[in-house]
Amino acid sequence: MTHPAAEPAPSAAPAAGTRASAHHQILIIGGGTAGITVAARLRRAGLRDIALLEPSDTHWYQPLWTLVGGGQAPLRAALRTEAEVIPPGVRWLRERATAVDPAARTVTTATGRVLSYGRLVLAPGLSLDWDGVPGLAAAVGHDGVSSNYRPDLAPYTWELIRRMRRGTAVFTMPSGPVKCGGAPQKIAYLAADYWRKRGVLGAIRPVLALPESSLFKVPVFARALEQTARRYGIEVRLQTELTRLDGAAREAELTDHATGTAETVRYDLLHAVPPQRAPRWLADGPLADPASPYGYVKADPQTLQHPDFPEVFVLGDVANLPTSKTGAAIRKQAPVLVGNLLAGLRGRPATARYDGYTSCPLVTARHKMLLAEFDYDLRPAPSFPFLDTTRERTDMWFLKRYGLPQLYFQGMLKGRA
């Protein structure tokens, strides 16, 4: 494969009031799952003038991070260079976006360069707010506190699980939309299963604190996960989240929002998921949805166009859509977005529709998994209707560990799936 040449950043920012330094028919912000998938599909459709803003030189397949933290996959299996995944023919601008002016159809970068566009695709992902819980930023990464939401910390999660023989293990999830909403509890099940097999689970108190009123939004999967938690003796705290952390004392404050009471729990292991929100430059800008307290971008839930600025399209984690933020959702969003974007270029109405499909592979044991697939109405939408994926299955675990990464790298990122 011919790798795209990265365009170097300019050595100096243009003076104030300078016109746009470059124009592109399609400008994509973000070189993660959503941005690369859309770029590949647009190239396959024959578009030539596509530019992609992405400052990072690494690309992660994030769904594997849970298995890394559970000791079931090496971190290197989730990593590619950005140059490997950017489709040939797409101009890679190794810069960070800092502002969008949708009225002027321009994007400003961290170097001060101003780019203009015909169509804009927003796919920058979301931001992890480690400071959103007092004490978390200072504590994470040492003294028993880890998080699979950072790739450098996922191996530390596994180290903590392997070493633990007794004590209290706390697993938390924040309020608000987060990417891969099942990940905060999947690591609890992987850890408990490992401890059970090692014969030490009886000496460990696992505590799972979730801000939701049930373990899962879809009832059939909620019931299955309740059985899983009971099997491991996990103390499930619903409508509860981590509100303060004292890393030096190894104390976590868990607040029950149903009662308004807070309890301090001393832990030996804490797996924390930070609050999440849209990047600040978007949250504070004109494209943010006023209905989202987390700054996510307004989008028509079916066409994925911005209702106020039809030249702007949104998908992935940054979109304020009433569905879970997963890579599987992006796989269904991308062809809809591309279809509607191409229709607009041809002067036709946007007729493609996204039904809210998303998927959450719920790992419940070291080689067992439920595959939750559903739409906007929380109706099951199975890809394998001939299989009962509401039950724990070994074949589904192998799909997650080996099949889905191949689908991702060889299918999605190449615009084929």
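This is a predicted model: local features need pLDDT of at least 70, side-chain atom pairs count only at pLDDT 80 or more; totals for chains, interfaces and linings use all residues.
The same way of reasoning can be carried over to a whole element, helix α1, which covers residues 33-44. Of its 12 residues, 9 are buried, and so α1 is largely enclosed by the rest of the structure. The buried residues of α1 are Thr33, Ala34, Gly35, Ile36, Thr37, Val38, Ala39, Ala40 and Leu42. The length of α1 can also be checked: at 1.5 Å a residue its 12 residues should span 16 Å, and the C-alpha atoms at its ends are 17 Å apart, which agrees. After α1 comes Gly46, whose phi is positive, near 100°.

We can now turn to charged side chains, among which the count comes to 17 salt bridges. One of them joins Arg231 and Glu392, whose closest N and O atoms are 2.9 Å apart. Arg231 lies in helix α7 (residues 219-232), while Glu392 lies in the loop between β22 (368-374) and α10 (394-411), so the pair ties together parts that are 161 residues apart in sequence. Neither end of this pair is buried, since Arg231, at 38% relative accessibility, counts as partly exposed, and Glu392, at 26%, counts as partly exposed as well.

A second salt bridge is formed by Asp284 and Arg280, with 3.7 Å between the closest N and O atoms. Here Asp284 has a relative accessible area of 57%, and because exposed means over 50%, Asp284 is described as exposed.

In a further salt bridge, the side chains of Arg391 and Asp388 meet at 3.4 Å, taken from N to O. Arg391 is partly exposed, with a relative accessible area of 46%, and Asp388 is likewise partly exposed, with a value of 35%. Elsewhere, salt bridges that share partners join Arg205, Glu235, Arg237 and Glu263 into one network.

Methods
Residues are numbered from 1 along each chain as its sequence is written. Side-chain values use heavy atoms; hydrogens and water are left out. Helices (H or I, at least four residues) and strands (E, at least two) are DSSP runs, numbered from the N terminus. The expected span of a helix is 1.5 Å times one less than its number of residues. Buried means under 20% relative accessible area, exposed over 50%, partly exposed in between (1.4 Å probe, protein chains only). A salt bridge is a side-chain nitrogen of Lys or Arg within 4 Å of a carboxyl oxygen of Asp or Glu.
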